[in-house]
Amino acid sequence: AVVSTQSTGIFTPLWLWKLTTICGCVMGITSYIRHHNVVREMGTIPDFQAMLLSTSLQLLLLSFEGCLCYKLTYGADVLSWYIVFTPLFLLSILSVIMCVWWGKKERPLELELLFSVNMIQ
C-alpha cells in the first residue's frame, strides 16, 4: 500500500457526512412520493429540485473521495489520476449549471458558487 490504512480514517467523517445527506435525500423523496399533492399545492417543488441537485453534488464529491482513497491505498497503476479527478470536473460543470438555475429561481447560493468560481478560474 502506498499510504497506510490511515487514509480511510481520514475520509470516514466525510463519508458519514455524505451518508447523512443521502439519507436525508431518501427521506425527502419518500415524503414527496407519499404527499406529492400537498407539495405541489404548497409550491415547494423548487425546494425538492434543489435538494436533488445538492445531493447530486454530494454524490460527485463522494465518488471523488472514494476514488482518491482507493488510489492512495492501492497504488499507481490501478486508477489514473484523470479518472480520480473526473468527478471534480463534472462537479464544476454541474455547479455552474446550478448557479444559473438557482439565480433564476432566486435561491441563495452557498457551496455551489464556490465550486463554479473555482472552475472559472
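**Cysteines, cores and aromatic pairs**

A search of the whole structure turns up zero disulfides. A disulfide, remember, is a covalent bond between the sulfur atoms of two cysteines. Keep in mind that this is a predicted model.

Cys67 has 22% relative accessibility, so Cys67 counts as partly exposed. Cys69 has a relative accessible area of 5%, so Cys69 is buried. The cut-off for buried is under 20%.

Now the inside. Which residues make up the largest nonpolar core? There are nine: Ala50, Leu57, Leu60, Leu61, Leu91, Leu94, Met98, Trp101 and Trp102. Two elements give two or more residues to this core: helix H3, residues 45-74, and helix H4, residues 81-104. H4 gives the most, with five residues.

On to the aromatics. How many aromatic pairs does the structure hold? Four.

Take Phe11 and Trp15. Their ring centres are 5.8 Å apart and their planes sit at 15°, so this pair is stacked. Why are Phe11 and Trp15 separated by about one helical turn? Because they are four residues apart in helix H1, which covers residues 6-34. Their burial: Phe11 is buried, with a relative accessible area of 10%, while Trp15 counts as partly exposed, at 25% relative accessibility.

Next, Tyr32 and Phe48. Here the ring centres are 4.1 Å apart and the planes are again at 15°. So that pair is stacked. The pair links distant parts of the chain. Tyr32 is in helix H1, Phe48 is in helix H3, and they are 16 residues apart. Buried or exposed? Tyr32 is buried, with a relative accessible area of 18%. Phe48 counts as buried, at 17% relative accessibility.

There is also a cluster to point out. Phe64, Trp81 and Phe85 form one aromatic cluster.

Last, the surface. Tyr70, Tyr74 and Val78 make a nonpolar patch of about 320 Å². Where is Val78 found? In the loop between H3 and H4. Val78 has 47% relative accessibility, so Val78 counts as partly exposed. The cut-off for exposed is over 50%.

Technical notes: Residues are numbered from 1 along each chain as its sequence is written. This is a predicted model: local features need pLDDT of at least 70, side-chain atom pairs count only at pLDDT 80 or more; totals for chains, interfaces and linings use all residues. Side-chain values use heavy atoms; hydrogens and water are left out. A nonpolar core is a set of buried Ala, Val, Leu, Ile, Met, Phe, Trp, Tyr and Cys residues joined through side-chain atoms within 4.5 Å. Buried means under 20% relative accessible area, exposed over 50%, partly exposed in between (1.4 Å probe, protein chains only). Patches are made of residues with over 30% relative accessible area and no salt bridge: like charges are joined within 9 Å, nonpolar side chains (Val, Leu, Ile, Met, Phe, Trp, Tyr) within 5 Å. Accessible areas come from the Shrake-Rupley method with a 1.4 Å probe; for residues, only the protein chains shown count as cover. A salt bridge is a side-chain nitrogen of Lys or Arg within 4 Å of a carboxyl oxygen of Asp or Glu. A disulfide is a pair of cysteine sulfur atoms within 2.5 Å. Rings of Phe, Tyr and Trp (its six-membered ring) pair if their centres lie within 6.5 Å; planes under 30 degrees apart count as stacked, over 60 as edge-to-face and the rest as tilted.
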